[in-house]
Amino acid sequence: MGRIYTLFRWEMNDTIKSVLLILGLSLAGMSMKQFLMGVSYYIMFASGTEIRLFGAFNAGGILTSIKGLLSLDDVWTLLSFLILLLGALTFRYDRDSGVAFSVYSLPYSNTEIFGIKLLSLLIYGLAMILLPFTYISVTTYASIASYLPKITSGFIGKALVLVVFLVLYLTAVATLTSLISPNAFLAFMVGFAVIYAPRVTGISNLPPQLFINAISRSGSSNFTLLTTQYVGWGLLVPLTIFALSWALIRRRDVV
Amino acid sequence: MRFWAALLSAMLLLTISSLWVYDSYENEVGSVGPLFLQPVEHQENVIRLSTITVHTPTSSLVEASCNGEGVVEVYDVITGELVSRKSVYGHLTYQFVLPHEGDYLIINNGTDKLTCSLRFIKNYPTKEVQNSLYISGSAFALLLALVVWRWELDN
């Protein structure tokens, strides 16, 4: 276990990746904070013999604000940008700079190296969205923090699963493009095109837009995660791409 | 080590910039309305009412400017606590404080129609929010110092 852990520590403590983590975490958090700073209101009409006006489940303004944090365009633009860069750094840059010659000649199998690199990439990606989200929502609503679990209970589970799906998809694209590209720069450019083409052309049934829209709808009661679209793009496609990347890295020499 | 250092400095940076955000948000005047407040109607057992839910990210000093006739009531949505109640005849401008961040419910508990607009003139984070930022910020700074110190020992 110590053997693998050494490799893991090595992979996690890369300097450029750490700098990108600082950038990603603080900028994502900042745009979330700025999004929350503002007043809003909504009007409701109610009639009946017994009307429930109060309670944590009626705090729709807080719910909308917190849900909005996870579907911010700015945050996801920044995040896809950074995950692609991290992917290119993890899987391609070491080969460009020649470090890979030493790494891959160490007594580790290519599978082990691939697994560790992928794990570190996923940890970086998830940390950059989940940490600022948790921190900003808890500190902004610190006076009513004890009600937050109740307020968010309607959507938080589904929304977090969708976030994981989206991060998995972005990581998968970053991994594959890095492994098939001849250099890190091209890997980044190709990955960028794959992620952004659906966005700029306005195709909303492809990720990332598919998931961003889904997160903002995750609060409604008739929303279900278990559709072929979400599970397919968020789980099956990434897993297929990871398997493909694994096959690629096993079969190929370091060049 | 470097990962933890990066993570902690990012969180520290986020804490400091949150404080800075509150500083610049303090005097930012937010406005809500004009809101048309219909009176609560009772027809036998059936109650009909229109409610306004206002969301503010800080505790705020609100200036309400109302026209018409009625009773403006502001409640904390989560606890149901009454925050302010004011009877309006004709025109009235008054101020009240929303004690913490969150949602507030505004209804007209009178018999006639009212139009109100709200201006959020001062916005301060509550003591709890400030404490949470200061305490977590201190924790991040201490842990970061620990990481850097250990780093020195490692090499």
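This is a predicted model: local features need pLDDT of at least 70, side-chain atom pairs count only at pLDDT 80 or more; totals for chains, interfaces and linings use all residues.
Let me begin with A:Arg92, which counts as buried because 25 C-beta neighbours lie inside 10 Å. Residues are numbered from 1 along each chain as its sequence is written, and chains are lettered from A and ligands numbered from 1 in the order in which they are written.

A:Arg92 belongs to helix α4 of chain A, residues 73-97. Helices (H or I, at least four residues) and strands (E, at least two) are DSSP runs, numbered from the N terminus. Leaving aside residues up to four places away in sequence, A:Arg92 touches A:Ser178, A:Ser181, A:Asn183, A:Ala184 and A:Ala187. Contact here requires that the two C-beta atoms, placed from the backbone, lie within 7 Å.

Turning to chain A as a whole, there are 11 helices and 1 strand, in the order α-α-β-α-α-α-α-α-α-α-α-α. Its C-alpha atoms fill a box of roughly 75 × 35 × 30 Å along the principal axes. Of its 255 residues, 43% count as buried. Among contacts between residues at least 6 apart in sequence, 85% join residues at least 24 apart.

Now to the interface. How many residues of chain A are in contact with chain B? The number is 47, and they meet 46 residues of chain B. On the chain A side, the elements giving two or more residues are α2 (15-36), β1 (40-48), α3 (60-70) and α6 (110-140). The largest share, 11 residues, comes from α2(A). By type, this side divides into 27 nonpolar, 19 polar and 1 charged. Nonpolar covers Ala, Val, Leu, Ile, Met, Phe, Trp, Tyr, Cys and Pro; charged covers Asp, Glu, Lys and Arg; the others, Gly among them, are polar.

The strands also pair across the chains, pairing being defined by at least two DSSP bridges. β1(A) and strand β3 of chain B, residues 46-56, run antiparallel and are joined by 9 bridges. Within β3(B), B:Ile52 is the bridge partner of A:Ile43.

Finally, B:Val72 sits in strand β4 of chain B, residues 59-76. B:Val72 is buried because 25 other C-beta atoms lie within 10 Å. Beyond residues up to four places away in sequence, its contacts include B:Leu37, B:Ile106 and B:Cys116.

Conventions
A residue is buried if 20 or more other C-beta atoms lie within 10 Å of its own, exposed if 12 or fewer, and partly exposed in between; C-beta atoms are placed from the backbone.
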